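User: I have just opened this structure and would like to be guided through it. May we begin with the surface and then work inward?

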Amino acid sequence: MTKISILQKKAIRYLHKAYNNHPTTTIFKNSETLRINELYQLEVGKFMYDVINKLIPPAILLMFTPTSDIHEHNTRHQSGIHIVPHRTKVAYKTILHQGPNNWSGIRESIKNSKTKKIFSFHLKKCIFETNI
């Protein structure tokens with residue numbers, strides 16, 4: 001991820017005609033561009049929105065278990081997706097772990113968006129405001 005991040009910074013400096021040692025934080029902020037890791041958060045969030053709202057094929061839906069199916073009693077995260085513990089570090093980097101983990105960090109007001117376009121807009125705005 002760091003090589004891609006470095007290439008993204010070089011590209012944004014080039015596009016904005018900035019010097020090689022110019023900090024990119026202000027360039028990203030002024031151009032309202034998300035960094036590569038922020039784009040990852042956005043895409044994972046959009047994928048999980050599709051999972052929650054059953055907008056993806058059933059075969060993929062079976063990979064995720066709603067928390068309400070695990071616990072019969074009320075819990076704080078009853079409306080979320082169950083995060084399965086994994087045995088290896090590699091498994092923690094998969095969408096099966098990163099998706100529910102990312103979803104649990106999104107504000108409820110954003111999660112309850114009526115359409116994917118509105119969800120995407122508000123999530124991008126939230127990511128941009130918190131990371132810059």
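User: Which residues form a nonpolar patch on the surface?
Analyst: This is a predicted model. In it, the patch consists of Met63, Ile95 and Leu96, and together they have about 220 Å² of accessible area.

User: Where is Leu96 placed?
Analyst: Leu96 belongs to helix H6, which covers residues 95-104.

User: And is Leu96 buried or partly exposed?
Analyst: Leu96 is partly exposed, because its relative accessible area is 31% and buried would require a value under 20%.

User: Let us step back. How many helices and strands are in the chain?
Analyst: The chain has eight helices and zero strands. Its pattern along the sequence therefore reads α-α-α-α-α-α-α-α.

User: What share of the chain is buried?
Analyst: Of the 132 residues in the chain, 29% are buried. The accessible surface comes to about 9,600 Å², and carbon and sulfur atoms account for 57% of that surface.

User: What about contacts between residues at least 24 apart in sequence?
Analyst: They make up 50% of the contacts between residues at least 6 apart in sequence.

User: Take Ile106, then. What does it touch?
Analyst: Setting aside residues up to four places away in sequence, Ile106 touches Gly45, Lys111, Phe119 and Leu123.

User: Which residues in H3 are buried?
Analyst: The buried residues in H3 are Glu38, Leu42, Val44, Gly45, Lys46, Met48, Tyr49, Asp50 and Val51.

User: How does the span of H3 agree with what it should be?
Analyst: Helix H3 has 17 residues (36-52), so at 1.5 Å a residue it should span 24 Å. Its end C-alpha atoms are 24 Å apart, which agrees.

User: Why does Ile127 count as buried?
Analyst: Ile127 counts as buried because its relative accessible area is 6%, and the cut-off is under 20%.

User: One more region. Where does Thr24 lie, and what does it touch?
Analyst: Thr24 lies in helix H2, residues 24-31. Apart from residues up to four places away in sequence, Thr24 touches Lys9, Ile12 and Arg13. Thr24 is buried, with a relative accessible area of 6%.

User: How far apart are Ile27 and His16?
Analyst: Ile27 and His16 are eleven residues apart in sequence, and from C-alpha to C-alpha they are 7.6 Å apart in space.

Key: Residues are numbered from 1 along each chain as its sequence is written. This is a predicted model: local features need pLDDT of at least 70, side-chain atom pairs count only at pLDDT 80 or more; totals for chains, interfaces and linings use all residues. Side-chain values use heavy atoms; hydrogens and water are left out. Patches are made of residues with over 30% relative accessible area and no salt bridge: like charges are joined within 9 Å, nonpolar side chains (Val, Leu, Ile, Met, Phe, Trp, Tyr) within 5 Å. Accessible areas come from the Shrake-Rupley method with a 1.4 Å probe; for residues, only the protein chains shown count as cover. A salt bridge is a side-chain nitrogen of Lys or Arg within 4 Å of a carboxyl oxygen of Asp or Glu. Helices (H or I, at least four residues) and strands (E, at least two) are DSSP runs, numbered from the N terminus. Buried means under 20% relative accessible area, exposed over 50%, partly exposed in between (1.4 Å probe, protein chains only). The expected span of a helix is 1.5 Å times one less than its number of residues. Contact means heavy atoms within 4.5 Å.
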